[in-house]
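Please look over the sequence and the model shown here.

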Amino acid sequence: MLIRHIHGLFQKMLLLLIPAMILASCGSSPATLPARSHTNGSGKAISPTAGDTARSTTTTIGALGAAAPSQPGPMAILPSGRLLVTDPALNEIFMQLQNGSFEVIAGNGVGSFYGDGGPAQKASLHSPEGLAVGQHGTIYVADSGNLRIRAISTSGVIRTIAGNGEEPASHNAIAIGANATATAIGHPIAVTTGPKGSVYFAAAHSVFKLTSNGKLQVEVGPNTLDSFSSTFPVVQACMPISLAVSSNDNLYINCSDPYAMVEMTANGLFHYLGPVRPHDAFATLVRSQSGGVMAVNGAAIEHFDSAGHEVVSNFISFRLPSGELFWPQGIAEGIHGSLYLDQDGIAGIGPPAILKRTLLGAVDVLWSNAGHWLG
């Protein structure tokens with residue numbers, strides 16, 4: 001939660017500096033997972049800001065009533081194309097249906113630890129801060145408040161795959177090769193998957209990889225960063241807050257305190273992708289269909305190719321029908337190239353909202369809570 005508020009302070013300052021510009025591009029379809037309650041509602045069209053002339057058609061998709069997320073967080077896309085979105089405030093994970101409404105597919109709304117080995121929609125989550133989907137449809141959750149990484153099978157059963165619910169004695173106390181479910185990992189902030197199915201997560205100022213036999217492998221830790229920081233001192237204090245893995249298994253890490261982007265190649269070489277620019281105050285990373293990585297950086301979407309070269313930077317800013325500003329924090333790319341974006345409403349920039357832009361330029365408000373800012 002502290003990271004979200006820091007993010008908000010940066011965004012408020014950037015509103016005075018960066019003009020509203022353009023969006024970029026991500027798709028959606030169907031999937032099968034058990035669900036809890038759902039409610040239909042009426043959607044609202046989005047109004048582009050001045051300077052945004054790239055729009056073609058703007059259509060409407062149903063928004064939510066009772067089952068709406070109150071604070072949309074990290075998003076992911078199922079192999080079927082359906083959108084998933086976490087809600088750390090409600091301790092739930094939602095899935096969008098074809099008619100535009102959402103269903104709760106994980107979490108019973110109670111912020112605690114409960115339900116391993118049973119249906120995910122009856123289990124308890126606690127401030128889920130990270131979300132990823134494996135190539136075969138398994139959902140991975142950084143269950144931050146429960147100090148665990150949990151997995152939801154395609155049949156809807158939830159289980160813990162890393163973490164024992166405790167804080168580690170120190171950032172260096174997590175042993176390489178330790179049994180993942182018996183190890184204290186602290187509060188995981190992010191989780192992602194590699195192109196070959198490997199699972200990575202950020203916790204305890206480190207990045208870990210889960211081996212196929214359930215052991216922990218430290219990919220990037222304090223000692224690793226120490227050896228790298230002689231050339232780039234800013235990286236030494238890196239606290240990983242977002243992760244993505246490119247198609248060639250290069251690991252991208254967004255750091256806070258200080259803000260920096262780092263790439264670790266598949267053969268263990270580090271590349272510092274440069275100091276953060278003013279609009280790079282906070283980045284959410286996701287692997288793109290092109291094999292590279294996309295990052296939401298304040299008022300821009302950065303695109304990196306699989307070799308770590310920045311290929312395009314699109315400035316983005318929109319206004320909802322209510323006139324309130326939309327600056328994305330979360331990002332996901334659909335199977336047909338549509339781009340999903342959300343903001344949680346905490347930063348005081350605008351209300352909670354989830355948007356989608358298709359490759360044809362249509363912009364849909366999937367859900368918004370206009371007028372209900374959370375900070």
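The text below describes Asp342 and Asn146, and then the second largest pocket.

This is a predicted model, in which local features need pLDDT of at least 70 and side-chain atom pairs count only at pLDDT 80 or more, while totals for chains, interfaces and linings use all residues. Residues are numbered from 1 along each chain as its sequence is written, and side-chain values use heavy atoms, with hydrogens and water left out.

Asp342 belongs to strand S25 (residues 339-343), a strand being a DSSP run of E with at least two residues, numbered from the N terminus. The C-alpha atom of Asp342 is separated by 7.3 Å from that of Gly73, although the two are 269 residues apart along the chain. Not counting residues up to four places away in sequence, Asp342 touches, among others, Pro72, Gly73, Phe326, Trp327 and Ile354, where contact means heavy atoms within 4.5 Å.

Asn146 is placed in the loop between strand S7 (139-143) and S8. Leaving aside neighbours within four places in sequence, its contacts include Ser112, Phe113, Ser124 and His126.

Definitions and conventions
Helices (H or I, at least four residues) and strands (E, at least two) are DSSP runs, numbered from the N terminus. On a 1 Å grid over the protein atoms alone, a cavity is a set of points where a 1.4 Å probe fits but cannot get out, and a pocket is an open set with protein on both sides within 12 Å along at least five of seven lines; lining residues have an atom within 4 Å of a point. Grid points are joined across faces, edges and corners, and a volume is the space filled by probe spheres set on the points.
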